[in-house]
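Please keep the sequence and the coordinates in view while reading.

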Amino acid sequence: MRGLWFLATIGLVVAEDGLNGWLRYARLPCDVVKQAKVPATIVALNATESSPVYTAGQELQKGIRGILGKALDVTHETSEGPSIVVGTLDTFNGSSATPELEEDGFWLNTKGDTVEIIGQNERGALYGAFEYLSMLAQANFTEVAYATNPSAAIRWVNQWDNMDGTIERGYAGLSIFFKNNATVSNTTRIEQYARLLASIRVNGIVINNVNANPIILSDENMAGLGKIADAMRPWGVKLGISLNFASPQTFGGLASFDPLDETVIAWWNSTTDKLYEHVPDLAGFLVKANSEGQPGPITYNRTLSDGANMFAKAVKPHGGIVMFRAFVYDYQNLNESNWKDDRANAAVDFFRELDDKFDDNVVVQVKYGPIDFQVREPTSPLFAHLKQTASAIELQVAQEYLGQQCHLVYLPPLWKTVLNFDLRVDGEKSVVGTDILSGKRFDKKGLTGYAAVVNVGQNTTWLGSHLAMSNLYAYGRLAWDPTDDEVAILEDWTRLTFGLDDTVRETITRMSMESWPAYENYTGNLGIQTLTDITGPHYGPNPQSMDNNPWGQWTRADADSIGMDRTVSNGTGYAGQYPAEVAALYEDIETTPEELLLWFHHVPYTHVLKSGKTVIQHFYDAHYAGAETAATFPRQWAKLQGLMDQQRFEETAFRLTYQAGHAIVWRDSIAQFYHNVSGIADAQDRVGNHPWRIEAEAMDLDGYKVTGVTPFEVASGLRIAQTVDNSSAASASATLRFPAGTYDVAVAYYDLYEGKASYELLLNGARVGAWVGDNEDKLGFTLTRGIDGHSATRVTFPGVAIAEGDVLRVETKPDGRETAPLDYVAVLPPGVVD
Ligand code: GCU
């Protein structure tokens with residue numbers, strides 16, 4: 001008993017599973033607690049349990065109990081004596097001068113005896129309570145008095161949850177909202193999610209996939225939506241849903257879904273009315289139409305605005321809005337043999353002429369770039385064309401093209417390239433975040449803002465990775481204030497998530513800030529996009545999949561040259577979609593920022609960059625540099641052992657080690673691929689030259705056969721070994737010819753799902769280590785069934801003493817689809833990343 005009690009009091013050793021995210025309210029050290037002056041009672045100026053002000057009172061009580069170990073009472077009437085008062089402006093009759101507050105804004109005053117937390121509305125009051133708790137949790141006891149207001153009214157998240165409980169592009173398990181084509185009955189996780197969202201001031205959530213299933217409109221599901229909305233209401237998070245445009249026909253049994261057909265309009269009106277009976281404060285609808293095979297108004301030769309307005313009119317009497325997605329393109333009619341074809345042109349082509357055609361409660365939701373959440377894209381030019389229509393930006397916290405939460409990639413620096421971009425509309429300052437999304441530039445205040453595709457799942461970490469949660473946290477912060485500093489945000493998040501230790505904060509901040517540049521380096525640089533498998537899971541390397549198909553994410557790489565010519569003078573004309581000053585910048589190769597060179601220009605591999613390097617040499621160097629940075633992550637992380645709980649330490653260590661290995665897979669694949677197409681050697685002779693590796697195909701094989709892989713470049717030496725069948729044990733061995741010393745030994749193999757092959761690494765017959773091909777369990781989602789760039793992985797055993805002539809042997813046992821595929825063994829001297 002005593003031992004257990006002792007353990008429980010030491011926060012560091014208690015396992016943490018991530019469920020509380022950044023709202024852990026971990027106890028501050030005693031000496032720090034002593035410095036905190038906190039009033040003895042909480043007055044929450046609303047006694048109704050579903051009210052966010054009531055929630056704020058409960059949350060303050062819970063938070064202060066956790067952080068400071070003080071038990072405070074909550075009352076609902078103003079009392080004499082010092083207290084923490086939380087309420088709305090109209091219920092508060094305290095001492096402060098009335099602050100200037102806009103919708104959802106709040107006033108926080110910790111000066112004097114009484115802490116005042118005053119919201120413009122109930123939601124704002126709750127936000128203020130979270131702000132105060134965030135300060136306390138970070139041991140920030142400075143006296144403050146300030147008002148803060150949101151940069152934009154719309155601060156939503158989107159979930160791409162399917163009704164069957166799977167999640168499109170979800171990397172953390174099944175849905176917390178749906179199961180078996182119905183809404184879930186247990187709303188615990190939904191409430192916990194709403195709490196996290198409220199704490200970052202997100203005020204709306206669309207819970208089902210944009211590729212929507214009409215069954216969400218069944219009577220049973222409408223009732224279920226009502227329950228979900230009830231669960232989130234105390235947190236001030238409003239519910240929205242995605243609609244399938246063809247629902248009147250496929251679900252309602254009508255002959256058509258023509259948006260101008262009276263029966264269709266009547267069907268949507270009555271369906272909407274019914275929805276509002278269940279969810280009286282439904283935020284609105286999200287609609288993906290005529291894109292990637294989804295039905296839409298164009299099917300009936302109607303315009304996208306005809307479609308959007310039909311929904312807008314249905315929700316208007318209820319105060320709802322329609323988020324209409326600008327992600328519209330026709331993948332069936334894009335043809336790479338036409339030099340002028342360009343998917344990037346689609347959004348502006350579709351929406352430009354419609355700018356004055358949308359009803360005033362339609363918001364066009366625009367992905368940050370013109371293609372699809374790539375590692376780098378220029379700002380969508382559509383923001384410059386929506387002058388009479390409200391717009392919202394669509395970001396993606398789910399790292400679909402950015403490592404799917406198996407790679408650490410802190411996204412705000414990427415988002416900021418867009419949020420800080422000045423589109424110079426009509427020659428005037430038009431910064432995306434502060435001018436356009438704020439609604440100021442085009443006078444749309446109140447109806448502009450942010451949406452982020454998040455895709456949390458049932459995994460207790462929410463996103464599959466502890467560190468990935470900084471992206472969700474930062475998203476909320478930036479939607480509130482796009483000028484907020486990405487490093488400061490990260491530091492707050494780190495203190496809240498892992499405590500106040502300086503080493504922890506510095507390490508996580510440094511790694512996170514290095515992560516996006518590194519990822520860009522090892523996946524696709526100079527604006528060529530994430531060179532992933534675009535017809536597959538969008539995860540590992542597969543550069544050739546980008547071209548020769550109608551998806552339009554082309555690189556136009558051939559034997560001599562690469563890049564999309566998007567100039568007006570000679571290319572697809574996309575550069576001309578920007579306002580004049582920006583268009584001129586991108587039209588000219590000299591003024592195009594080099595990080596977007598290949599986005600806008602088609603150049604020979606030998607084109608010389610400002611650094612003096614050729615494009616191809618830059619490719620090689622960047623990929624090597626990126627993998628080199630990723631290799632430091634597990635080493636940096638290892639220093640944090642003992643400075644946090646073991647569970648999160650180990651789970652993160654696993655992912656960072658995996659990332660370091662997969663970054664080498666990326667590096668080698670891309671370098672090998674372009675080396676092969678261009679025939680141009682790496683000036684440093686690294687590509688295809690691995691002095692510290694022993695290729696599996698060159699080992700003494702027993703029960704193994706040598707094969708190729710698809711795509712060819714994801715195998716070192718272009719060959720691998722797989723067991724001859726999927727049941728017999730096999731082995732691969734080699735006599736080492738390296739000088740005696742201490743090495744890290746890495747084994748590169750392929751980890752498929754639907755199979756768990758086992759492996760043992762032996763040195764002169766003694767075990768160095770053993771492992772199982774179970775990344776599907778550890779990484780939390782199913783990567784691939786194939787031997788390819790997604791399944792390629794490696795395991796490393798550090799500090800192995802080796803003498804010349806030693807025999808290294810891998811013994812394996814295949815399982816299921818996993819034929820224990822081996823690529824190579826690397827025997828790495830200190831400092832060598834290969
Ligand atoms: C991407 C993604 C799809 C998604 C689509 C969208 O293409 O891969 O899964 O449906 O975007 O945003 O609609």
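In this predicted model, an oxygen atom of the ligand is 2.3 Å from an N or O atom in the side chain of Glu168, a polar contact in the sense of a pair of N or O atoms within 3.5 Å (within protein, one must be able to donate a hydrogen and the other to accept it, and residues adjacent in sequence count only if both atoms are side-chain atoms). Glu400 likewise brings a side-chain N or O atom to 2.5 Å from a ligand oxygen, and a polar side-chain atom of Arg169 is found 2.9 Å from an oxygen atom of the ligand. The ligand taken alone exposes 310 Å², of which the protein buries 96%; these accessible areas come from the Shrake-Rupley method with a 1.4 Å probe, and for residues only the protein chains shown count as cover. Around the ligand there are 13 residues, of which Glu168, Lys288, Arg325, Lys367 and Glu400 come nearest, where a residue is near a molecule or strand if one of its heavy atoms lies within 4 Å of it.

A word on conventions belongs here. Residues are numbered from 1 along each chain as its sequence is written, and side-chain values use heavy atoms, with hydrogens and water left out. Because the model is predicted, local features need pLDDT of at least 70 and side-chain atom pairs count only at pLDDT 80 or more, whereas totals for chains, interfaces and linings use all residues.

Strand 12 (284-287) can be followed next; helices (H or I, at least four residues) and strands (E, at least two) are DSSP runs, numbered from the N terminus. Strand 12 is joined by four bridges to strand 11 (residues 238-243), running parallel to it, and two strands count as paired if DSSP finds at least two bridges between them. Gly240 has Gly284 of strand 12 as its bridge partner. Four bridges also join strand 12 to strand 13 (residues 321-325), again in the parallel sense, with Phe285 partnered by Val322 in strand 13. The loop between strand 12 and helix 9 (304-315) holds Glu292, whose phi is near 45 degrees, a positive value in a residue other than glycine.

Where does the nonpolar packing gather? The largest nonpolar core has 214 residues, and those with the most contacts inside it are Trp22, Ile84, Tyr193, Ile393, Leu472, Tyr475 and Trp637; such a core is a set of buried Ala, Val, Leu, Ile, Met, Phe, Trp, Tyr and Cys residues joined through side-chain atoms within 4.5 Å. Buried means under 20% relative accessible area, exposed over 50%, and partly exposed in between (1.4 Å probe, protein chains only). A second, separate core of 29 residues includes Ala734, Val745, Leu808 and Ala820.

Strand 24 (residues 741-750) is largely enclosed by the rest of the structure, because seven of its 10 residues are buried. Strand 24 pairs with strand 27 (residues 792-802) in the antiparallel sense over nine bridges, and Val747 stands opposite Val795 in strand 27. Strand 29 (residues 822-828) is also antiparallel to strand 24, the two being joined by six bridges, and here Ala746 stands opposite Ala826.

Thr723 belongs to strand 22 (residues 720-723) and is buried, with a relative accessible area of 1%. Apart from residues up to four places away in sequence, Thr723 touches Gly703, Tyr704, Lys705, Ser728, Ala730, Thr812, Pro814, Thr819 and Ala820, contact meaning heavy atoms within 4.5 Å. A polar atom of the Thr723 side chain also lies 2.7 Å from the backbone oxygen of Asp725. In the loop between strand 21 (704-707) and strand 22 sits Pro711, and the peptide bond leading from Thr710 to Pro711 is cis, with omega near -5 degrees.

One further backbone feature is found at Arg424, where phi is near 55 degrees, a positive value in a residue other than glycine. Arg424 is in the loop between helix 12 (412-419) and helix 13 (432-437), and Arg424 is partly exposed, with a relative accessible area of 25%.
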